[in-house]
Amino acid sequence: MQSRVPLTRYLIEKQRKQQCIDDDLRLLIEVVARACKAISAYVSKGELGNILGSTNSTNVQGEVQKKLDILSNEILLDATEWGGHLAGLASEEMEKPYSIPKEYPRGKYLLLFDPLDGSSNIDVNISVGTIFSVLQHTGDNQEVDEGSFLQPGYKQVMAGYTLYGPSTQMMLTLGDGVDAFTLHKEHGTFMLTERGVKIPEETQEYAINMSYQRHWYPPMTRYVQELLAGETGPRGKNFNMRWVASMVADVHRLLTRGGVFIYPRDQRDPSAKGRLRLMYEANPMSFIVEQAGGMSTNGLQRMMDIQPEELHERVAVFMGSKKEIEVVTRYHQEYAAQQSD
Ligand code: AHG
Ligand code: MN
Ligand code: MN
């Protein structure tokens, strides 16, 4: 029987054969995976772990932090700060970048993460996830500041997410496709379960929070009207709507069986660029989606070409099966061109 390949062997072989990772990046992926195992264990304890519910604090986005948001953030910091591979870290749950404590050596990578995505789902026992992204620290100075992180998404050297669902799954890209791992909980090891994940071309599903419809801009309404028209409309087929409200779970579904995930900007706050965060939500997921043959834009341009201006910058998100993202992006571009005439 062909035995499954554990993450450690996968990474060592990748380093040996393809030389697309060095020792530091390999160890960084290992420690991030270890942190995700710990988060997975806490998430699955549920009520028995005394970790459900909210804290009294809010994060930099003004959102109430869940106990598990904070715990997951601490687990990721504890797992990664001492290894010597990082120059600095940044997280949804920390206003400023986190400097590596003086007693530890510094490395050349920057790690960004959303420690727990979809955490509003945690109290109702619905899937949540961790999203992570690695950039290179290019400055000569070993000190990092917010500016060190403000690199467009195409500069990511690695991105991934871990989905805490009925099983715990991790998807990784190093820029040469997407590979999937499943946590063998009894062995405590991530096992390679699929190589070269590809987003199916044919799409029958969309993940969009339809309750904001009345606030949408015209190109979004135009696109969704076409989906809703089903067989009798321009798409000539019926679509299903699925919305978990955990980006990780919604994007994982489209990687598995095709579809689109859209969170547009809307007229509730015309000055807001969107709801999701560019650096540690949209960019890592875009890297994975593109590497799986899909497409990701902010409605007007390729997501990973955006030059970030702030660490916690928000962005509109359109990602998934290429043909659909091309259509909805074109509608937004046409509308923007009309508005500027
Ligand atoms: P987070 O829990 O990290 O703040 O992210 C939640 C995000 C995303 O996962 C999800 O798609 C979206 O927020 C849901 O937002 P709405 O409740 O506005 O639909
Ligand atoms: Mn999130
Ligand atoms: Mn989060």
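Across the interface of domain 1 and domain 2 in this predicted model, 18 residue pairs, both members at pLDDT 80 or more, are found in polar contact, a term for a pair of N or O atoms within 3.5 Å in which, within protein, one must be able to donate a hydrogen and the other to accept it, while residues adjacent in sequence count only if both atoms are side-chain atoms. On the side of domain 1 that touches domain 2, at least two residues each are supplied by several elements, among them strand S3 (86-91), strand S5 (109-117) and helix H4 (146-149), where helices (H or I, at least four residues) and strands (E, at least two) are DSSP runs numbered from the N terminus. Strand S6 gives the largest share of that side, seven residues. Sorted by type, the residues of this side comprise 23 nonpolar, 17 polar and eight charged, with Ala, Val, Leu, Ile, Met, Phe, Trp, Tyr, Cys and Pro taken as nonpolar, Asp, Glu, Lys and Arg as charged, and the others, Gly among them, as polar.

The two domains themselves span 5-194 for domain 1 and 205-340 for domain 2, with bounds from an automatic or database domain assignment. Their C-alpha centres lie 24 Å apart, and the contact (heavy atoms within 4.5 Å) takes 48 residues from domain 1 and 31 residues from domain 2. About 2,900 Å² is buried between them, 63% of it given by carbon and sulfur atoms; this is the accessible area (1.4 Å probe) that the two parts lose on being put together, summed over both.

The rule also finds one salt bridge across this interface, meaning a side-chain nitrogen of Lys or Arg within 4 Å of a carboxyl oxygen of Asp or Glu.

| Residue | Protein atom | Distance to an oxygen atom of ligand 1 |
|---|---|---|
| Gly118 | polar backbone atom | 2.9 Å |

Residues are numbered from 1 along each chain as its sequence is written, while chains are lettered from A and ligands numbered from 1 in the order in which they are written. Local features need pLDDT of at least 70, side-chain atom pairs count only at pLDDT 80 or more, and totals for chains, interfaces and linings use all residues, while side-chain values use heavy atoms, with hydrogens and water left out.
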